[in-house]
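Here is a report for a reader meeting this structure for the first time. Please look at the model first, then read on.

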Amino acid sequence: MTYFDTLETRTADQRAEAIARELPRQVAAAKALPGYAELLADVDPSTITTMADLARLPVLRKSDLGAAQKASPPFGGLTTLPTSGFAHVFQSPGPIYEPGGVGHDWWRMGRFLHAAGIGKGDIVHNCFGYHLTPAGMIFENGARAVGAAVLPAGTGQTELQVTAAHDIGCTAYAGTPDYLKVILDKADEMGLPLKINRAVVGGGALFPSLRQEYADRGIACLQSYATADLGNIAYESDAMEGMIVDEGVLVEIVTPGTGDPVEPGQVGEVVVTTLNPDYPLIRFATGDMSAVMEGTSPCGRTNLRIKGWMGRADQTTKIKGMFVRPEQVAQLVAKHDEIKRARVLAQRDGEMDVMVVQIEADNGQEQSFHDSVVDLLKLKGRIEVVPIGALPNDGKVIEDQRSYD
């Protein structure tokens, strides 16, 4: 067994000693930034040396980040470098702006690719997006960290992607879990054999049936948990027992809405503190739910493990790799006088995500709402117009009906 670096196999004491050194420095760096002036005003960074100390600090939420960026664009006064000091500036839906670097493993994705067996001699078919959002560059930076070459494919033009993967001899795939199946099925249809035998995926749920289908094709598929703001948070190894927290972040599981850590094993919201000196996010609430797993991974990596993505603390839901938020549904209702209520359903059709938008309306046909759905929700979906009063009176505007068993 080889590891990305010696950090992965530290003892508990060694990791605690590192936290005691690095955490006060990161909190001090954050406190010096205008975006943290109010949140950390009464905090003495030198006293924040343990995870218990960290839990006393306030939580930074996505809404706080958005408000800070509106007040002080583009990064809300939360970065230690000026905007021009970064290699890239990205825009995610919201809009939320994220900085990006090209230094060695800046997003910490190399650790995951190494755990998945990708390295020198590999060519990664990277189907994450390169347009505005950072996922494509996050995985490209990780590939550079392990010495692999990259085909920057993005999505779409599937026949050309298959031809390129075949001609170039791509050996690994990076992208959302279900898009690999689209490529493989098209390759079968075109009669072009591919050499892909490893897949690193994110941006959506990896369902067991889909992972097994890839395994049956000779492709080992592992998943990571990352966000545009934080980079890699946790990742699977070939042990496939939970997800190992990355060495460049500190993860807490808290009661949603409070910031108070839950008991080990209980489900709560994932809160992350990054040790990235360029962008020191402190106790950033992801809105994702997970739980700590006891013990360490059989692969020998000793850091904390979490159970992976277990839903959202709010109703925000990821469909086809894109977040759909309650405020977007509200905008759809407000745009059309005839719409009384709307509800988004996340479903599965085979191995593909499907979005269904149910609309309570006095009149109107499905097609009349199509453009608004695409414009506001940023995804295409099936539209169902239902009678007034037909939707459940349970307060939900987004419902995830997919099974994660």
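## Loops, salt bridges and a domain interface

Pro 95 sits in the loop that runs between strand 1 and strand 2 (96-100). Helices here are DSSP runs of H or I with at least four residues, strands are runs of E with at least two, and both are numbered from the N terminus. The peptide bond from Gly 94 to Pro 95 is cis, with omega near -5°.

The model is predicted: local features need pLDDT of at least 70, side-chain atom pairs count only at pLDDT 80 or more, and totals for chains, interfaces and linings use all residues. Residues are numbered from 1 along each chain as its sequence is written, and side-chain values use heavy atoms, with hydrogens and water left out.

**Backbone features**

Most residues other than glycine have a negative phi, and most peptide bonds are trans. A cis bond also links Pro 73 to Pro 74, with omega near 0°. Pro 74 is found in the loop between helix 3 (62-71) and strand 1 (88-92).

Arg 108 is not a glycine, yet its phi is positive, near 65°. Its place is the loop between strand 2 and helix 4 (110-115). Is Arg 108 buried or exposed? Arg 108 counts as buried, because its relative accessibility is 10%. Buried means under 20% relative accessible area, exposed means over 50%, and partly exposed lies in between (1.4 Å probe, protein chains only).

Leu 132 also has a positive phi, of about 70°, although it is not a glycine. Leu 132 is in the loop between strand 3 (123-126) and helix 5 (135-146). At 44% relative accessibility, Leu 132 counts as partly exposed.

**Salt bridges**

Side chains of opposite charge can pair when their charged atoms come close. A salt bridge here is a side-chain nitrogen of Lys or Arg within 4 Å of a carboxyl oxygen of Asp or Glu. How many salt bridges does the structure hold? The structure holds 30. The table gives some of them.

| Salt bridge | Distance, N to O |
|---|---|
| Arg 111 and Glu 8 | 2.9 Å |
| Lys 181 and Glu 213 | 2.9 Å |
| Arg 348 and Asp 353 | 2.6 Å |
| Arg 348 and Asp 178 | 3.9 Å |

Take Arg 111 and Glu 8, whose side chains meet in a salt bridge. Arg 111 lies in helix 4 and Glu 8 in the segment before helix 1 (12-31), so the pair ties together parts that are 103 residues apart in sequence. Both residues of this pair, Arg 111 and Glu 8, are buried.

Next come Lys 181 and Glu 213, joined by a salt bridge. Lys 181 is in helix 7 and Glu 213 in helix 8, and the pair links distant parts of the chain, 32 residues apart. Lys 181 counts as buried at 18% relative accessibility. Glu 213 is partly exposed, with a relative accessible area of 22%.

Arg 348 pairs with Asp 353 in a salt bridge. Arg 348 counts as partly exposed at 22% relative accessibility. Asp 353 is buried, with a relative accessible area of 8%. Salt bridges that share partners also join Asp 5, Glu 8, Arg 108, Arg 111, Asp 246 and Arg 301 into one network.

**The two domains**

Domain bounds come from an automatic or database domain assignment. That assignment gives domain 1 (12-312) and domain 2 (317-400). The domain centres, taken over C-alpha atoms, are 28 Å apart.

Contact means heavy atoms within 4.5 Å. By that rule, 14 residues of domain 1 are in contact with 11 residues of domain 2. The size of an interface is often given as the accessible area lost when the parts come together. Buried area is the accessible area (1.4 Å probe) that two parts lose on being put together, summed over both. Domain 1 and domain 2 bury about 1100 Å² between them, and carbon and sulfur atoms give 58% of that area. Which three residues supply more than any other three of the area that domain 1 buries against domain 2? They are Pro 93, Asp 178 and Arg 312, with 39%.

Across this interface the rule finds 1 salt bridge. Asp 178 also pairs with Arg 348 in a salt bridge, with the closest N and O atoms 3.9 Å apart. Helix 7 (179-190) and helix 8 (208-216) each supply at least two residues of the side of domain 1 that touches domain 2. Helix 8 gives the most to that side, with 3 residues.
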